[in-house]
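I opened my notebook to look around one protein model, a step at a time. I will write down each thing I looked up, with the terms spelled out as I go.

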Amino acid sequence: MPAFDPRDLLSLEEALWNAIGSGVQPGQRRALVSRLIASPEFQKLRQSWKESAPDLLVRRSSPNSVSEGGKVGPTTENRGRDTMPGDDQGFVRVAYECLLSRPPDENGLRHYVNALAAGETRANVLRSLVLSEEFERRYSGLPQDCQLCELANPAKWDNEAWVDILRSLGLADDKLSMHRKPYEFAQLIYGCRALGALRDEASIVSVGAGHELVLYWLANHVRRVIATDMYEGVWQELQGREGHPDVLTKPDAFAPFSYRRDHLTFMRMDGRCLAFRDHAFDIAYSLSSIEHFGGLPGAIATVREMTRVLKPGGILALATEYVLEGPRHEETFLPSEIAEIVRQPGLELVQPIDDGVYRRYSYKPIDLYKNPYQTPHMVVRFGDTVFTTVMVFLRRL
Ligand SMILES: C[S@@+](CC[C@H](N)C(=O)[O-])C[C@H]1O[C@@H](n2cnc3c(N)ncnc32)[C@H](O)[C@@H]1O
């Protein structure tokens with residue numbers, strides 16, 4: 001999946017400029033600008049403007065409400081665009097309507113019109129409005145889905161902090177690439193962070209880890225990560241060769257980015273019988289694996305072992321297959337079985353599981369026999385069995 005390319009920001013800035021500063025029809029303009037502003041790239045663009053050198057527009061004189069706190073970037077690169085038609089007053093009015101959804105107040109209008117008359121660029125007026133406290137208040141006021149225990153949830157692609165995690169993993173953030181696997185990685189990090197467990201000094205064990213990408217990310221963020229897996233049998237050949245044993249001796253060959261080698265260890269181990277002492281870890285997690293450990297008894301044995309090796313207060317995170325419709329299929333779990341897996345001594349869910357996600361979304365299950373690589377890939381089917389991922393976070397009592 002292609003990662004975010006910073007060069008995309010230039011086209012976004014261009015598009016924003018074209019929508020506000022040029023001949024787009026007024027009726028279409030607001031819709032176009034609001035879509036651009038809602039795009040994940042817009043946040044990056046705003047960040048890059050924030051980081052660029054402070055400029056005169058704010059410093060010279062601030063209108064009372066808008067540009068305080070709004071730094072603007074270099075003025076030169078956008079001067080060419082100022083040959084666009086229309087008077088400065090009209091431009092400032094349109095910019096206010098598009099970005100702040102209101103007409104300009106008298107001070108604001110005067111401030112920007114004077115700045116433009118004194119040689120400021122229109123592009124910098126836009127930047128100043130986008131960096132204003134007023135814009136920030138609106139932008140950060142959008143409600144975001146923050147549920148931790150849930151079925152793989154498309155709403156997370158609208159949560160900026162969550163999408164930032166996806167990007168930090170080097171994964172695509174667009175909705176058409178939506179997939180359960182990136183969901184699991186990002187949700188794991190998001191949940192552990194929200195629960196205060198993702199600390200510099202934390203120690204983490206992953207069960208049925210294969211060479212999953214998130215291990216390398218975690219190695220860059222915590223003291224110790226131990227990846228455990230059988231690294232044998234069908235998983236050496238199946239699917240993405242997720243259990244390939246070469247990772248035991250050549251972990252770098254599987255690294256998606258540079259990582260702190262001395263923070264990550266791979267070990268061959270059965271998840272049902274972990275060779276660690278009690279209370280050794282702050283976080284124990286397993287992604288898309290326990291359904292392959294020998295049915296319900298294998299999954300329960302693994303969760304009990306993960307609980308045993310957790311410190312009191314530690315976090316156990318699990319992602320596994322949850323049947324939405326149809327009969328139980330091999331290597332999937334019915335909702336009642338999921339309830340049994342998480343109801344183990346010494347553990348409590350950090351919150352009830354939101355199992356209603358797919359009562360709120362329409363969806364077309366991907367047929368895993370026919371189109372295993374098709375995206376969006378959130379709900380899948382084997383014959384009549386329709387299933388998705390359930391992600392849960394539990395606290396060790
Ligand atoms: C679907 S893969 C998932 C790998 C990885 N978690 C990921 O998300 O890419 C399932 C993994 O479980 C491992 N596995 C199967 N039985 C196991 C067991 N009893 N104990 C530990 N790992 C096991 C396989 O070797 C394989 O790597």
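I began with a term: two residues are in contact if their C-beta atoms, placed from the backbone, lie within 7 Å. I also noted that helices (H or I, at least four residues) and strands (E, at least two) are DSSP runs, numbered from the N terminus.

**Ground rules**

This is a predicted model, in which local features need pLDDT of at least 70, side-chain atom pairs count only at pLDDT 80 or more, and totals for chains, interfaces and linings use all residues. Residues are numbered from 1 along each chain as its sequence is written.

**Entry 1: the whole chain**

I looked up the secondary structure of the protein chain and found 15 helices and 10 strands. For burial I used this rule: a residue is buried if 20 or more other C-beta atoms lie within 10 Å of its own, exposed if 12 or fewer, and partly exposed in between, with C-beta atoms placed from the backbone. By that rule, 39% of the 397 residues of the protein chain count as buried. I then took the contacts between residues at least 6 apart in sequence, and 69% of them join residues at least 24 apart.

**Entry 2: helix 5 and helix 6**

Two packed helices are described by the angle between their axes and the distance between the axes. Axes are lines fitted to C-alpha atoms, for helices over the stretch in contact, and angles run from 0 to 180 degrees between N-to-C directions. At what angle do helix 5 and helix 6 pack? I found about 130°, with the axes of helix 5 and helix 6 9 Å apart. Angles under 35 degrees count as roughly parallel, over 145 as roughly antiparallel, 65 to 115 as roughly perpendicular and the rest as oblique. Helix 5 and helix 6 are therefore oblique to each other.

A crossing is left-handed if the near helix is turned anticlockwise from the far one by less than a right angle, and right-handed if clockwise. Helix 5 and helix 6 cross in the right-handed way. On the helix 5 side I listed Asp88, Gln89 and Val92, which meet Leu109, Tyr112, Val113, Leu116 and Ala117 of helix 6.

Ser101 sits in the loop between helix 5 (88-100) and helix 6 (106-117). Is Ser101 buried or exposed? Ser101 counts as exposed, because it has 11 C-beta neighbours inside 10 Å. I also checked Ser101 against Arg30: they are 71 residues apart in sequence, yet 8.9 Å apart in space, C-alpha to C-alpha.

**Entry 3: helix 13 and helix 14**

Next I took helix 13 (residues 295-308) and helix 14 (residues 335-342), whose axes come within 9 Å and cross at roughly 30°. Helix 13 and helix 14 are therefore roughly parallel to each other. Their crossing is right-handed. Leu296, Ala299, Ile300 and Val303 of helix 13 meet Glu337, Glu340 and Ile341 of helix 14.

**Entry 4: around strand 3**

Two strands pair if DSSP finds at least two bridges between them. Strand 3 pairs in the parallel sense with strand 2 (residues 203-207) over 5 bridges, and 5 bridges also join strand 3 to strand 4 (residues 264-268), again running parallel. I followed Val225 of strand 3: it is the bridge partner of Ile204, and it stands opposite Leu264 in strand 4. Strand 3 (residues 224-229) has 5 of its 6 residues buried, so it is largely enclosed by the rest of the structure.

Arg223 lies in the loop between helix 11 and strand 3. With 14 other C-beta atoms within 10 Å, Arg223 is partly exposed. The C-alpha atoms of Arg223 and Asp200 are separated by 5.8 Å, although these residues are 23 apart along the chain.

Most residues other than glycine have a negative phi, and most peptide bonds are trans. His279, not a glycine, has a positive phi of about 55°, and Glu331 has one near 65°. His279 is in the loop between strand 4 and strand 5 (281-287), whereas Glu331 is in the loop between strand 6 (310-325) and helix 14. Which residues does a cis peptide bond join? I found Thr375 and Pro376, with omega about -10°. Pro376 is in the loop between strand 8 (366-367) and strand 9 (380-382).
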